[in-house]
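Subject: Structure handover

Dear colleague,

Please find the structure below, handed over for your files. My notes on it come after.

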Amino acid sequence: MQIGVWNTSGVFQQLASWHETGLYSWSGHIARLGGNGSSGEIQLLTNNNGHSYRMIGVNDGGLYIQRSSDRFVSNAPTLLSWSGISEATFPSNVYAPRFIATANGDGQAIKVGDDVWLGDINQADTLSVRGQTNLANGWIQFGYGGNKLGVNGSVGDRLYWGGGFFIQSDGNMYMPMWGDYLGNVVNGKAGIYTGSNRDETNFPIGHTILVETGNGDIKERNSAHAIYLSSSYGYAFGGAGAQLAGTWRARGGYDSPGSGAWTYCFVRTA
């Protein structure tokens, strides 16, 4: 069956055809549904009664693609919908070999849940994870506990893990187990002087030296004293030599038998 359309001058314009094979064709370039009713609807029925599809445009400006298992008698769950402001919703899982977001450069490409954006900040090979309420924040949660890895926007040069641990962009780390920075912890440990400068005055913490004292010049255990270079081979509590850096504490002494000339062991502690 065919219906032909001619203009007022008698010139043929368009043809609508229905074929015994089930094919319908229309030679025009526009087919319009609805406009005055509650919605415009296109239905696609398959040989499988449990899989029928339809596309509906509703009054609020939204568009719905639905599937029904009973020819739309009682059910038509939505597979995909667009709201009147062009927001797309996928009620079920989405499978695709590739998903390309066009919000390039502003860090708000794909929204996950209610407060996370995954996006591009125009840095090569970089994935940005940002919060919705504060775009400077970004966290990745592992499991259901408190194990989060991310950045607090108020301190942008730190990468946090869990509760209190973080690493700074300069490489220093805060260690909750010690309540201090790793740099301070390491600097507070004993070191070894490997140099050969005869007149070195800045030794690492933990370095030990022997200091000669005068007759009867006894130092209490763990007492702190200023130490100076003395001549070309020793250390003393005064003189013209340069003072050693840091805090030096007595760790015990030895009296040359009968001479009253003491020699003490000193350790740098700070």
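The notes cover the pockets, a nonpolar core and some strand pairing.

This is a predicted model, in which local features need pLDDT of at least 70, side-chain atom pairs count only at pLDDT 80 or more, and totals for chains, interfaces and linings use all residues. Residues are numbered from 1 along each chain as its sequence is written, and side-chain values use heavy atoms, with hydrogens and water left out.

Pockets. On a 1 Å grid over the protein atoms alone, a pocket is an open set of points where a 1.4 Å probe fits, with protein on both sides within 12 Å along at least five of seven lines; lining residues have an atom within 4 Å of a point. Volume is the space filled by probe spheres set on the points, which are joined across faces, edges and corners. The largest pocket holds about 450 Å³ of space. Its lining includes Ser86, Glu87, Phe90, Phe99 and Lys111. Strands S8 (88-89) and S9 (110-112) are the elements that give two or more residues to this lining, and S9 gives the most, with three. Strands here are DSSP runs of E, at least two residues, numbered from the N terminus. By class, the lining has six nonpolar, three polar and two charged residues (nonpolar: Ala, Val, Leu, Ile, Met, Phe, Trp, Tyr, Cys and Pro; charged: Asp, Glu, Lys and Arg; polar: the others, Gly among them).

The second largest pocket holds about 220 Å³. Of its 16 lining residues, Leu127, Ser128, Val129, Gly138 and Val151 are the closest to its centre. Strands S11 (128-131), S12 (138-141) and S13 (148-151) each supply at least two residues of that lining.

Core. The largest nonpolar core has 11 residues, among them Phe203, Trp248, Tyr264 and Phe266. Such a core is a set of buried Ala, Val, Leu, Ile, Met, Phe, Trp, Tyr and Cys residues joined through side-chain atoms within 4.5 Å, buried being under 20% relative accessible area (1.4 Å probe, protein chains only). Strands S18 (208-215), S22 (248-255) and S23 (261-268) each supply at least two of its residues.

Strand pairing. S4 (residues 39-45) and S5 (residues 52-58) pair antiparallel over seven bridges (a pair needs at least two DSSP bridges). They form a hairpin with six residues between them, and Ser39 stands opposite Val58. S5 also runs antiparallel to S6 (residues 63-68), joined by six bridges, with Arg54 partnered by Gln66. Four residues separate S5 and S6 in their hairpin, and Gly61 in the turn has a positive phi of about 95°.

Regards

Note on methods
Buried means under 20% relative accessible area, exposed over 50%, partly exposed in between (1.4 Å probe, protein chains only).
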